[in-house]
Amino acid sequence: MDHVFLQDVLAGLRLPQKALPPKYFYDQQGSAYFDQICQLDEYYPYRTELGLLPEVARELKHYFERASVSSLQLVEFGAGSLHKVKPVLEELSMVDEFVALDISGEHLKEASSDLAEAFPQLTIKVVQGDFTQPMQMELSSATPMGFFPGSTIGNFEPEEAVEFLRNAGTTLGEESYLLLGVDTKKDRAILEPAYNDSKGVTALFNKNILTRINRELDGNFDLDQFEHTAIYNQQLGRIEMHLRSLTKQEVSIAGERFQFAEGETIHTENSYKYHPEEFERLASRAGWSPESVWLAADGIFAIMLLRRSAAGR
Ligand SMILES: C[S@@+](CC[C@H](N)C(=O)[O-])C[C@H]1O[C@@H](n2cnc3c(N)ncnc32)[C@H](O)[C@@H]1O
């Protein structure tokens, strides 16, 4: 039994508002569900960011040529299925090493063998790790550039996002860059269906955390007695995903018992949305200066290039 997983789950379910860390969605099955989410009509962030990346990468190539940067080491955090790095590598010819980090190690390993076939000249390193913990990274002599797509930064509380950005700066070192995807604030009529799709795939993804607890931590959640919910909390600028108990029930995990009232929820994920300027202020608190911002049509998604500023050193 993974004791860190167990302790995180027990601590989360002892809170007055029960909560579970979203990183535990992702085992092989969870990663496969996320890939299915990316293909849904309602899930605009994936296709919007993917559609913007070729233009971003072309402009980055000119930017680095002008800055006389001839060699880059690209480090992707939460790399998943490695779909987003492909358009970047196709344009950004100065990348000679790619490091992919993800908590879902088996899934990442499979994805990286496809990438190796597509880019045979590239040095690829795969790291199974948790980016909420201090990260050990072997830096090459090339200029480091972090890559954090998928608006995964929105899964952190804003203060945790500052901490992540600070740690990423420490990991990547002096004279580094960070390219990241940020989902912007918009109408709930677009936001809510993206996390509450008509095919019920997001519900399966959300419940996968309970399946993992049952299998890996000797739990006895009845999945049919919980329903997936996703609402936009406009005041806090975040989508909240919960699992709501459909009845009064008791659940046991590794021998500890938890009571659920009918309607009580487990808060499983936040997805914060930011105005680009709002995110730039947050990044600058962590020692990163905005170099460029690319906006998708109607401003529904932003990709930003950040550079480590003197204040962050
Ligand atoms: C929202 S998905 C984004 C995937 C991909 N980057 C994309 O843009 O389509 C989040 C990714 O981060 C990974 N992840 C989540 N929490 C993590 C953590 N604490 N440490 C490392 N990887 C994590 C997940 O396994 C998943 O691949």
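Between which domains does the second largest pocket lie?

## Second largest pocket

The second largest pocket lies between domain 1 (3-41 + 201-272) and domain 2 (50-186 + 275-312), because both give residues to its lining. These domain bounds come from an automatic or database domain assignment. The model is predicted, and local features need pLDDT of at least 70, side-chain atom pairs count only at pLDDT 80 or more, and totals for chains, interfaces and linings use all residues. Residues are numbered from 1 along each chain as its sequence is written, and side-chain values use heavy atoms, with hydrogens and water left out.

The second largest pocket holds about 340 Å³ of space. A pocket is, on a 1 Å grid over the protein atoms alone, an open set of points where a 1.4 Å probe fits, with protein on both sides within 12 Å along at least five of seven lines; lining residues have an atom within 4 Å of a point. Grid points are joined across faces, edges and corners, and the volume is the space filled by probe spheres set on them.

## Pocket lining

The lining comprises 19 residues, of which Asp2, Tyr26, Ile103, Gln128 and Arg212 are the closest to the pocket centre. Two or more lining residues come from each of α1 (3-13), α5 (105-118) and α8 (201-216); helices are DSSP runs of H or I with at least four residues, numbered from the N terminus.

## Ligand surroundings

The ligand is surrounded by 18 residues, with Gly78, Lys84, Asp102, Asp130 and Phe131 the closest; a surrounding residue has a heavy atom within 4 Å of the ligand. Domain 1 and domain 2 each supply at least three residues of this shell.

Polar contacts (pairs of N or O atoms within 3.5 Å) include one between a polar side-chain atom of Asp130 and a ligand nitrogen atom at 2.8 Å. A backbone N or O atom of Ile103 lies 3.1 Å from a nitrogen atom of the ligand.

Terms used: A polar contact is a pair of N or O atoms within 3.5 Å; within protein, one must be able to donate a hydrogen and the other to accept it, and residues adjacent in sequence count only if both atoms are side-chain atoms.
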